[in-house]
Amino acid sequence: MKVVITSIEKGVSNKEMRLMARANRQMLVVRRQLNASVVNAFLKHALPAGSDALARLSPFVAGIAKNEKDMDVDTPPISGQSHVSQKQSGLPEVEIFCYLLVTIFLIDQKQLEESKTCSSAAVKRLQQLNRRTLDVLAARVYYYYSYSHELTNSLADIRGTLLALHQTATLRHDELGQETLLNLLLRNYLHYNLYDHAEKLRSKTQRSDSHSNQQLCRYLYYLGKIRTIQLEYTDAKECLLQAARKAPTSARGFKIQCTKWAVIVRLLLGEILERTTFMQPGMRKALRPYFDLTNAVRIGDLELFRQVAEKYSSVFTADKCHNLIVRLRHNVIRTGLRNISIAYSRISLADVATKLHLDSATPVDDAESIVTKAIRDGGIDASVDHSNGWMQSKETSDIYSTQEPQQAFHSRIAFCLNTHNEAVKALRFPPDAHKKQLESSEKRRERQQQEQELAKHIAEEDDDEF
């Protein structure tokens, strides 16, 4: 634990944000080994005796320490615990880090009300400070502040506070804080299905280049959900797929949620997904309801679609996409009707209603209206004989004589070009890349070592954020 204080002090003295982020990662390493006695000892060593922060944080840990003592729980000592610095630091960064540590510890111990109180005190303390070295720690405090309220079903109570914090972060040019608070506000609105409010906030917020890959992934995920509800399925598909692609490998739960929404959006666009999409390692069980749903849409069986929707209704409701499943009913009917038009050159409307499993009071009239609308929209190439009551399919034309292959080829080329442009933008060149100078073997080894350390640092940040 001495290393954490050292990293914070060096980060403050050198004004290096990377050292402050390292302190967060070092705390996450020992997170699972924390107990009340260790946290209490750390607070006494890190905070000055008689300080307000120590008096406020100690009671939270004291209650858990009493329970552990009653249970006689033995925990292994944390590496470096005996070497905690005896020099008490009065830095505000150390104080905020102690607030963050206690909040996370209370959440891990299922003390949700206490964690909410502690995080609220941390936010109030941050509102009294204006130091750029606090930006990294403040962003983490904001996240757990919202998370603790989400666990206690009280997100609506902090919406005004989050808006005020976002305004303050914008005035102070705290870009990391702006990204974090914008995502927390979007999550707050979407939690209560306030999609219009979320879109108004997003459209009126100026967003600079992302400084955090994790916050960018979350932003794309929330934007994809908003676009889906607004019937902008093409933009929603791009956002959701990009969020899943940019997310780190360890963020399996986040990838599953992105994949679920992407599956529904692609089904609404009329696409049929490959089986490999649902067979990804660690995601097969979670995506099973959506695999059955895709199978029902592919076949065009309205009865099977109804059975799948009823069987997994609790899953779709928990994922907040039940209203999107209702939209898929039209796609199922359209697919089934297309299959019928291909199989039969002429078929009565009564047989069409029977094959589509229409359960209305007047199935023939409904089938006639559905067929007429499909013909008008270009879904099927047929005609309706109203006097005789049948549907006459036209002769199937050669698809390669139409513009459809060219459009499909153009969409694939556009996707490859966009992927290439994003890869080029992500490249990082050294400042003197334009100078053609031969570097020595020692400089080459030093440069390669620095690149490996930077890659390891980025990978650790990706794993810790999720």
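Buried here means under 20% relative accessible area, with exposed over 50% and partly exposed in between (1.4 Å probe, protein chains only). You're looking at a predicted model: local features need pLDDT of at least 70, side-chain atom pairs count only at pLDDT 80 or more, and totals for chains, interfaces and linings use all residues. Numbering runs from 1 along each chain as its sequence is written, and side-chain values use heavy atoms, leaving out hydrogens and water.

**Stop one.** Select Gln 178, in helix α9 (residues 175-191); helices are DSSP runs of H or I, at least four residues, numbered from the N terminus. Gln 178 counts as buried because its relative accessible area is 15%. Leaving aside residues up to four places away in sequence, Gln 178 touches His 166, Ala 169, Thr 170, His 173 and Gln 206, where contact means heavy atoms within 4.5 Å.

**Stop two.** Now show α6 (residues 112-127) and α7 (residues 135-151), which pack at about 145° with axes 9 Å apart. Axes are lines fitted to C-alpha atoms over the stretch in contact, and angles run from 0 to 180 degrees between N-to-C directions. Among the residues making the contact are Leu 112 and Val 123 of α6, and Tyr 142 and Leu 151 of α7. By class, this contact has 10 nonpolar, five polar and one charged residues; Ala, Val, Leu, Ile, Met, Phe, Trp, Tyr, Cys and Pro count as nonpolar, Asp, Glu, Lys and Arg as charged, and the others, Gly among them, as polar.

Definitions and conventions:
Helix = DSSP H or I, 4+ residues; strand = E, 2+ residues; numbered from the N terminus.
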